[in-house]
Amino acid sequence: PKTDIVFLKVHKSASSTVMNILFRFGETHNLTFAFPIGGGNQLFYPHPFLARFVQGFSPRSPQRFNILCHHMRFLQPEVEKVVSTSAVYFSILRNPVQLMESSFAYYKGASAFSRARSLEEFLSQPYHYYNSTHHDSHYARNLMAFDFGFNPNGQVSAKRVQLMLKAIEASFDLLLISEYFDESMVLLKEMLCWDLDSIVSFPLNIRDSSTKYPLSDTIMEKIKDWNRLDWEIYIYFNRTFWQRIDRDIGRERMQREVKALRERRAELASPCLQGMGSVAPKDIKDSSLKPLQHGSAKILGYNLKQGLDKETEHMCRRLVTPELQYSSALYKKQFPQKPP
């Protein structure tokens, strides 16, 4: 199994669920994480990543970390200073239409969105609300391109798009697609030589459907135009994703693998979860399992079954622990406080 990994955690793209998979694998195998200085969940995002943002990094003794997966704005020469040269690089993409709808709910407080009553209103005259010089403007336009390190306001010429796609392809070994999450996990398992249980997960940081809005065709087209760079990234890597499946796995075997993954997920949900699924934030009984609530989105969580034996409880708890709590626990384990 491969243990040196860079995961570019693209916002609002099922990346918290992927992070849980990496956290569990890293914890099981005693791997080191490249944590932000002082803990926390972002590597000084939205600043481009620098090696010195990582706790324990020193240019004099270049310690390599196994897993780099916290939110960052990608900058490869700096990333290379903190991970081994053999590290596997991957990320996950989402259809920019759904991504923008999700961002609007989640980052409602961002300067570009706060004054618009609805996504339609924002898109009817985006430049009335959007100012590229604001420190949080990236949440409102080409968020994926921004996370990959590109200028989200750059003009969209065919040549520039080609250069951007080639640069992403040169840096990353695999681009997953969140709409095909289970197929993505099978590809990831193949590439990392992991077993099935290492990639099984329950969806984390997902919104209650009551806060999701259906979008008209007109709005969808406006979103694509406004996020043209993201759209180009998504269309291109959605195509290479299926080409890779055909080349490395084949559709029939993929169907079998996805079926096995879903069966295993259901098998784990049965002893672990009360009611077999996610619940609204107000119904989560264990406060340590409550996900961070953000913007106008309602983020769902889980209740564990009562009376589990210690080993099962530990396994189940790791599967449903929200990102911030899990990250903080791993940070304390990796950097234990020395008593005064």
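Guide: The buried residues of H10 pack against H3 (96-106), H4 (119-124), H5 (126-129) and H11 (228-248); contact means heavy atoms within 4.5 Å, and helices are DSSP runs of H or I, at least four residues, numbered from the N terminus. Bear in mind this is a predicted model: local features need pLDDT of at least 70, side-chain atom pairs count only at pLDDT 80 or more, while totals for chains, interfaces and linings use all residues. Residues are numbered from 1 along each chain as its sequence is written, and side-chain values use heavy atoms, with hydrogens and water left out.

Visitor: Which residues of H10 are buried?

Guide: Buried is under 20% relative accessible area and exposed over 50% (1.4 Å probe, protein chains only). In H10, residues 217-226, the buried ones are Ile219, Ile223, Lys224 and Trp226.

Visitor: Why do they line one face of the helix?

Guide: Take the directions from the helix axis to the C-beta atoms. Down the axis of H10, the buried residues line one face because they fall within an arc of 170°.

Visitor: Which exposed residues does the face turned away carry?

Guide: That's the face of H10 opposite its buried side. Its exposed residues are Asp217 and Thr218.

Visitor: Is glutamate 183 buried or exposed?

Guide: Glutamate 183 lies in helix H8, residues 181-192. Leaving out residues up to four places away in sequence, Glu183 touches Phe241, Trp242, Ile245, Met254 and Val258. Its relative accessibility is 15%, so glutamate 183 counts as buried.

Definitions and conventions:
Helix = DSSP H or I, 4+ residues; strand = E, 2+ residues; numbered from the N terminus.
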